[in-house]
Amino acid sequence: MELVSSVKCFDGQQRVYRHTSEATGTEMEFAVFLPAQALAGLECPTLFYLSGLTCTWENVTTKAGAQAWCANHGMIFIAPDTSPRGEGVANDEGYDLGQGAGFYVNATEEPWAPHFRMYDYVVKELYDMVIEALPIDEDAIGITGHSMGGHGALTIALRNPEKFRSVSAFAPIVSPMNCPWGEKALTAYLGSDTGQWAEHDACELVKAHGWSGDILVDQGSADGFLEEQLKPWLFEEACRKAGVELTLRMLGGYDHSYYFIASVIGDHIEWHAERLSL
């Protein structure tokens, strides 16, 4: 982990790190907010945040206002990139495939397979690396995310309940098997076998594996992607059938932007803090 930058923020530090990733075979960057408690060496609860299409770690760290809330709760906030990047990394002309659109899967199809292994990157490599390097309470780690990152947060948590104790999402893609964004990405990265797709579909995963805790999802009613891409009612129905407690808040007038996330991120951080302190 090479420290790229560090600035004081709410008596803590907002940092950016760079490292060579074995999972992606590229240089990767991620952002970390360390509250004052972490700087003092105390083990802290930690929240991973997965970003959406076209984003990097920078969007959430500069637009969401998470640092103030994390400082209040003594919480570490970790924001990785959304995909591998750089020369020699496959890409697509569309914003919804390739660099900036990793979908948090391990690609098996060419030309994506050599680098697009964002599932392993988040769940194994980054997770293990930050636990070793930072004062993280290993029994108090949660995950959240926005849009494509909400899909990533839900699917990663549902597949790894031993690593992530709490999960929430902002306007997530809840069923990539049943929306244009997901169908395009999963076909490209995983091929035509929909059995493989189901391992990256929150609706299918909650029906297959359940979830021992509760889940929080916030969705803006004025989100232009609501009807075609996001479809939160599918996840609501899947959770109901699986007996999983879901709080789905349909928030009037909010769209898909970081203005929406900034308006509700404090609720999510407080919600995670409560569950990670149990």
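In β7, valine 167 is the bridge partner of isoleucine 143, and this contact belongs to the two bridges by which β6 is joined to strand β7 (residues 166-170), the two running parallel. Strands here are DSSP runs of type E with at least two residues, and helices are runs of H or I with at least four residues, both numbered from the N terminus; two strands are said to pair if DSSP finds at least two bridges between them. This is a predicted model, in which local features need pLDDT of at least 70 and side-chain atom pairs count only at pLDDT 80 or more, while totals for chains, interfaces and linings use all residues. Residues are numbered from 1 along each chain as its sequence is written, and side-chain values use heavy atoms, with hydrogens and water left out.

Strand β6 also pairs with strand β4 (residues 44-50), in the parallel sense and over six bridges, and leucine 47 stands opposite glycine 142 in β6. Leucine 47 has a bridge partner in β5 as well, namely phenylalanine 77, and β4 and β5 are joined by three bridges and run parallel. Strand β5 is in turn joined to strand β3 (residues 27-34) by four bridges, with the two running antiparallel; here valine 32 has isoleucine 78 of β5 as its bridge partner.

How enclosed are these strands? Because five of the five residues of β5 are buried (under 20% relative accessible area; exposed means over 50%, and partly exposed in between, with a 1.4 Å probe and protein chains only), β5 is largely enclosed by the rest of the structure. Both of its faces are covered, with Ile76, Ile78 and Pro80 buried on one side and Phe77 and Ala79 buried on the other. Strand β6 is likewise largely enclosed by the rest of the structure, because seven of its ten residues are buried.

Aspartate 139, however, which lies in strand β6, is exposed, with a relative accessible area of 59%. Together with Glu43, Asp128, Glu132 and Glu138, Asp139 forms a negative surface patch (residues with over 30% relative accessible area and no salt bridge, like charges being joined within 9 Å). A salt bridge would be a side-chain nitrogen of Lys or Arg within 4 Å of a carboxyl oxygen of Asp or Glu. The elements that give two or more residues to this negative patch are α4 (118-133) and β6 (136-145).

Aspartate 92 is placed in the loop between β5 (76-80) and α4, and counts as partly exposed at 31% relative accessibility.

Technical notes:
Patch = residues over 30% accessible without salt bridge, like charges linked within 9 Å, V, L, I, M, F, W, Y side chains within 5 Å. Areas by Shrake-Rupley, 256 points an atom, 1.4 Å probe, with all protein chains shown as cover. Lys, Arg positive; Asp, Glu negative; His and termini not counted. Charge placed at Lys NZ, Arg CZ, Asp CG, Glu CD.
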